Amino acid sequence: MSCMWVSVSDCNQSHIFQLTQLLRQDKDLQIILSYGAPGGDNRGSGSAQRRIERLLSRIGMPSHLKGYQYLKTALEICLNDMEALDGITKRLYPEVAKKHKTTKEKVEHAVRHAIESAWKRGDEREQKNLFGYSQTEGKRPTNSEFITTMTDYLLHDTTSFLS
C-alpha cells in the first residue's frame, strides 16, 4: 500500500484530475488531504506564494523590482485560472494592474524589465532547465513565454505538494 499527502490549498482542477488518475491506476493508494504543509502553517495561498517566490529566486530574479511583484501576482492568478494565459495582454495584465493600482502598460514594461534582469544576472543552469535555453545563447523568453512556462512548471512540479 502506498500513501500520498496532498495539500488541498495547493490543488487546482488539474491536480484533482491527476489525483483521480492515480487512484484509478493504484487501488491500494491512500491519499491524505490536508490544508497546508505537514507540521507547517496553514495559511492557504501562502504556500503557493512561497513556491512562486522560491522559483523566481532560483532563476535569479531580483525581488526588489516591481516586475517581481507583478509576476508573483500574475502567476498566482494563472495557477487559479488557467484561462488567464489565453489573454495575457488583454486579460492578465489588466487584472494585475487593478490589484496593484497601476496600468497594464506599466505592468507589461516592469515584467519585461524583471525578466531581462533575471536573464542577465540569474542562474544559467536553472534557465536552461526551465526554458531550454540560457543567456549565453543570446535569447531570453518573452513575457508570455516566461509566464506560461513558469505557470506550467508550478502546476506540474508535484514535489511541493506530494510526498
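Guide: The conversation below sets values against definitions.

Guide: This is a predicted model, in which local features need pLDDT of at least 70 and side-chain atom pairs count only at pLDDT 80 or more, while totals for chains, interfaces and linings use all residues. Residues are numbered from 1 along each chain as its sequence is written, and side-chain values use heavy atoms, with hydrogens and water left out.

Visitor: How many helices and strands are there in the chain?

Guide: The chain has 7 helices and 2 strands, in the order β-α-β-α-α-α-α-α-α from the N terminus. Helices (H or I, at least four residues) and strands (E, at least two) are DSSP runs, numbered from the N terminus.

Visitor: Why is α4 called roughly perpendicular to α5?

Guide: Helix α4 (residues 88-100) and helix α5 (residues 104-121) pack at an angle of about 95°, with axes 8 Å apart. Axes are lines fitted to C-alpha atoms, for helices over the stretch in contact, and angles run from 0 to 180 degrees between N-to-C directions. Angles under 35 degrees count as roughly parallel, over 145 as roughly antiparallel, 65 to 115 as roughly perpendicular and the rest as oblique. The angle therefore makes α4 roughly perpendicular to α5.

Visitor: Which residues make the contact of α4 with α5?

Guide: Thr 89, Tyr 93, Pro 94, Val 96 and Ala 97 of α4 meet Lys 104, Val 107 and Glu 108 of α5, where contact means heavy atoms within 4.5 Å.

Visitor: What makes Phe 131 and Phe 146 count as buried?

Guide: Buried means under 20% relative accessible area, exposed over 50%, partly exposed in between (1.4 Å probe, protein chains only). Phe 131 has 11% relative accessibility and therefore counts as buried; Phe 146, at 0%, counts as buried too. Of the 163 residues in the chain, 42% are buried.

Visitor: How do you know that the buried residues of α4 line one face of the helix?

Guide: Ile 88, Leu 92, Tyr 93, Val 96 and Ala 97 are buried in α4. Seen down the axis of α4, these buried residues fall within an arc of 130°, so they line one face of the helix; the arc is that of the directions from the helix axis to the C-beta atoms. Their cover includes α3 (66-80), α5 and α7. Lys 90 and Lys 98, on the other side of α4, are exposed.

Visitor: Why does Lys 101 count as exposed?

Guide: Lys 101 has 78% relative accessibility and therefore counts as exposed. Lys 101 is placed in the loop between α4 and α5, and has a positive phi of about 55° although it is not a glycine.
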